[in-house]
Amino acid sequence: MAALDRFLKYVKIDTQSDDTTHTTPSTEKQKNLGKVLVEDLLELGLEDAAMDKWGNVYAHLKGEKAERIGLNAHMDTALESSGKNVKPRKIKNWDGSDIKLDEEKVLSTNEFPALKNHIGKDLIVTDGKTLLGADDKAGIAIIMGVLEYFKDHPEKKHHPISVCFTVDEEIGEGADHFDIKKMKADYAYTVDGAEINHVDYRNFNAQSVHIKFEGFAVHPGEGKGTLINAIMVMHEFLQSLPQDQTPYDSDGEQGYWHLTEINGNSVNCECSMILREFEKDVLEKRDNELFAIRDALLTKYPNAKIEIEITDQYQNMAEFLKKDPRPLFKAIESIKRCGLDPESKAIRGGTDGAQFSRMGLTTPNLGTGSANHHGPYEYLVVQDFLKMIDIIVDIMTIPEQEKTTRITD
Ligand SMILES: [Zn+2]
């Protein structure tokens, strides 16, 4: 089956995850895709393909060298936009003119200048009502395309390949039930990015922060000098944070603090925020800043209470790649051999690969040839998508001159 047909088949299966169910998978329907993927993997000759009770799918392809390379893509789609009833539309040999998605939405180079790089190529777009789901079904279809290539070319010597398709990446739980032993790989790649000449290995260090404020309650009519309003203390706290370091003000290598939720009344209130920084010590500085503001406010309002709870979420995987740069070097070489200029950008978020890296499986991220993820403007560039298969085939292929020993288990 052609890789693109496979992609079109996968996007029609609704796999949107849900961050309110607190189950794994967060939505049963992700298993509908999982079942199809197991069938496809078996058909491609990966005899041990199976889905576990969490909905994660694992499979292994034997190869000729001890270095086992893992490939991962996620099955779920984002919360921001529906993934139901996706109606992908192909635009052949795109001429650069505006693409009318529906009555209101237009995909154009004015709003999305990166599109200019794809004039003359074929695009897959949405009907404006849903996301496309190239994030990350393009990744899944690319991995299947690599496996199909080796099925059709039994003469090509290649590394043993470990495949894992995971659930619930979009709600940050993709690695929660990932079984590193089942994966059986020395290093891996997530195929979950955008541009195909990118290999991304730097991501945020991430923390979530929960702060509780307790005021001092007396009748407001007799509150002079005594009543402390928890909401006002919280307001002062938030105003003391650097106002020019929010997501609105930052990009590239800059970090931020981002208020995500507030709740409460004049006696008790609380807020949640996330902290993001590429450098660990800068993140620590942010933590210390929170404690310093707390101390200053408690000095000002000795009868108030402020409790800060900080939780680590994920870590910059660059630290792990310093120890084992093999996957990075290999990807850079293959991107070059396929005629592209390798690039790397700092990922302003986390990836499942960052979590896998922390678990002991170093996993940088590769592209999929798609863009504008999580919404109706998402699109796939067909030629880039197909080229990504070539790049990963190159990563997996062992050069003729290299001596090899077949690994059988
Ligand atoms: Zn993704």
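Predicted model: local features only at pLDDT ≥ 70, side-chain atom pairs only at ≥ 80, totals over all residues.
## Overall build

Let's start with the whole chain. The protein holds 10 helices and 19 strands. Its C-alpha trace spans about 85 × 55 × 40 Å along the principal axes. The radius of gyration is 24 Å, which agrees with the value near 22 Å that a compact globule of 409 residues would have.

Buried residues make up 44% of the 409 residues. Among contacts with a separation of 6 or more, 77% join residues 24 or more positions apart.

## Two domains

The domain assignment gives domain 1 as 3–202 + 316–396, and domain 2 as 205–314. The centres of domain 1 and domain 2, taken over C-alpha atoms, are separated by 37 Å.

Where the two meet, six residues of domain 1 are in contact with seven residues of domain 2. On the domain 1 side, the touching residues are two nonpolar, three polar and one charged.

Setting aside residues up to four places away in sequence, Ile140 touches Tyr10, Leu37, Ala73, Met75 and Phe165.

Ala73, one of the residues touched by Ile140, lies in strand β3. Ala73 counts as buried because 28 other C-beta atoms lie within 10 Å, and the cut-off is 20 or more. Beyond its neighbours within four places in sequence, Ala73 is in contact with Asp136, Gly139, Ile140, Ile143, Phe165, Thr190, Val191 and Asp192. Thr190 is 117 residues away along the chain, yet its C-alpha is separated from that of Ala73 by 5.7 Å.

Gly83 sits in the loop between β3 (69–74) and β4 (89–91). Although in a loop, Gly83 is buried, with 23 C-beta neighbours inside 10 Å. Not counting residues up to four places away in sequence, Gly83 touches Asp14, Thr15, Gln16, Thr77, Thr130, Leu131 and Gly133. Gly83 and Gly133 are 50 residues apart in sequence, but 6.9 Å apart in space, C-alpha to C-alpha.

## Backbone points worth a look

Most residues other than glycine have a negative phi, and most peptide bonds are trans. Two cis bonds deserve a glance here. The bond from Thr24 to Pro25 is cis, with omega near -5°, and Pro25 lies in the loop between α1 (3–11) and α2 (30–43). Another cis peptide bond joins Asp135 and Asp136, with omega about 15°; Asp136 is found in helix α3.

Positive phi values turn up too. Asn93 has phi near 50° and lies in the loop between β4 and β5 (99–100). With 9 other C-beta atoms within 10 Å, Asn93 is exposed. Lys184 also has a positive phi, of about 50°, in the loop between α4 (180–183) and β9 (187–191). Lys184 is partly exposed, with 16 other C-beta atoms within 10 Å.

Conventions: Residues numbered from 1 in each chain as written. Helix = DSSP H or I, 4+ residues; strand = E, 2+ residues; numbered from the N terminus. Rg over C-alpha atoms; globule rule 2.2 N^0.38 Å. Buried ≥ 20, exposed ≤ 12 C-beta atoms within 10 Å, placed from the backbone. Domains from an automatic or database assignment. Nonpolar A, V, L, I, M, F, W, Y, C, P; charged D, E, K, R; others polar.
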